[in-house]
Amino acid sequence: MRRAIPLSISSLICLFFLSIAPAGVSSQTPAAAVDASKLPDIEGIHLGMSVEQASAIMKTLFPPGTHTLTATASKFMNTSDKPWITSMTGSLSNGCTGCSEQVFVRFSIPPNAQQVISIQRTIVFEAGKQPTMDATMAGLRQKYGQETSKSVPDPVQSLAWFFNEQGHQLPASPQFQPGCAGGVLRPPPGGDAGHPNPVGFVVATNPVTPSVIAAMMRDPCRSNVYLRVQLSPTGPALVHILDMYMSENALDTRDMIAAQQYLDGVAAGQKQQQLKKAQQQGAPTL
């Protein structure tokens, strides 16, 4: 399990020089190669990017003064592993009246190399500067292609896209669930003190077995790439709020399984050490 550690952006720079994977960690589940340039992006931040790449773009998008940029880090409990970057959040702190903008980037966890697994962008447009609904939807389609699904406005307009890991758009299918956008796996706040080692919020059993993984993969949210956009209108034709959420669910799933396997190995090693120590303490002096 992991616990969250809030960081300032200055602390983030220091953590870049820590090992991305905890010392001595090796994953039993090889990470599939992902070409970030082929995956969709928000504001130039692509799913699959490294922490360093995404951080550089975030610092450009949210410079000091009118913006704030913060980061959080986490670490495995009951291990000697160093923390790793969990997420970054950039926000517009001032500069307009009644408006706001925020970009939230979440990263995968070790032992696999860290990559961007989800991006959320929320904009509240200033009165008098609200784009039209038609122009906004046309811009989204130009960037991401024709949406896989579109809801009937109520009055919020919701659009969703479905991609594979090569960036090719997929048609609607039983495996497509618009609600899976942003459906990445993460622990409860503060971790689970009763089970500090297993990633129990991902896989209920310990250790991970092929049958557990097969059952897990029947969930449509554990594969492919999703994008959902919700447009909240002002009147019949203007956009007041734009909310975008995309996630690389397949990459997230592989990394979480690898993390569980790593923690299973840590737990087994600790148990073996405890057993060896007990045997040595119980041996008679000759």
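Which residues does Ser87 touch, not counting residues up to four places away in sequence? In this predicted model, Ser87 lies in strand β5 and touches Thr70, Ala71, Thr72, Phe104, Val105, Arg106 and Phe107 once those neighbours are set aside. With a relative accessible area of 5%, Ser87 is buried, because residues under 20% are placed in that class. One of the residues it touches, Thr72, is also joined to Ser87 through the side chains of the two, by a polar contact of 2.7 Å.

The strand arrangement around this residue places the contact in its setting. Strand β4, which covers residues 67–76, and strand β5, which covers residues 84–92, pair in the antiparallel sense over eight bridges. Within this pairing, Thr72 stands opposite Ser87 in β5. Seven of the 10 residues of β4 are buried, so this strand is largely enclosed by the rest of the structure. Ser87 can also be related to Ser55, which is 32 residues away in sequence and 9.8 Å away in space, taken from C-alpha to C-alpha. Ser55 belongs to helix α2 (residues 51–61), in which Val51, Ala54, Ser55 and Met58 are buried. Seen down the axis of α2, these buried residues fall within an arc of 100°, so they line one face of the helix.

A further set of strands is formed by β9, β10 and β11. Strand β9 (residues 157–163) pairs with strand β10 (residues 225–234) in the antiparallel sense, over seven bridges, and the bridge partner of Phe163 in β10 is Val225. Strand β10 is in turn joined by 10 bridges to strand β11 (residues 238–248), and these two strands run antiparallel. Tyr226 stands opposite Ser247 in β11. The strands β10 and β11 form a hairpin with three residues between them, and Gly235, which lies in the turn, has a positive phi of about 70°.

The side chain of Thr148 reaches the backbone nitrogen of Phe162 at a distance of 3.2 Å. Leaving aside its neighbours within four places in sequence, Thr148 is in contact with Phe162 and also with Ala160, Trp161, Gln169, Leu170, Pro171, Ala172 and Phe176.

For the protein as a whole, five helices and 11 strands are assigned, and buried residues make up 46% of its 286 residues. Of the contacts with a separation of 6 or more, 66% are accounted for by residues 24 or more positions apart. The protein exposes about 13,800 Å², of which carbon and sulfur atoms supply 58%.

The mean pLDDT of the protein is 81, and 78% of its residues reach 70 or more. Over residues 1–30, however, pLDDT stays under 50, although the model has 79 contacts beyond four places in sequence for this stretch. Residues 188–205 likewise have a pLDDT below 50, and for them the model has 42 contacts beyond near neighbours in sequence.

Definitions and conventions:
Residues are numbered from 1 along each chain as its sequence is written. This is a predicted model: local features need pLDDT of at least 70, side-chain atom pairs count only at pLDDT 80 or more; totals for chains, interfaces and linings use all residues. Side-chain values use heavy atoms; hydrogens and water are left out. Buried means under 20% relative accessible area, exposed over 50%, partly exposed in between (1.4 Å probe, protein chains only). Helices (H or I, at least four residues) and strands (E, at least two) are DSSP runs, numbered from the N terminus. Two strands pair if DSSP finds at least two bridges between them. A polar contact is a pair of N or O atoms within 3.5 Å; within protein, one must be able to donate a hydrogen and the other to accept it, and residues adjacent in sequence count only if both atoms are side-chain atoms. Contact means heavy atoms within 4.5 Å. The arc is that of the directions from the helix axis to the C-beta atoms. pLDDT is the predictor's confidence in each residue, from 0 to 100. Accessible areas come from the Shrake-Rupley method with a 1.4 Å probe; for residues, only the protein chains shown count as cover.
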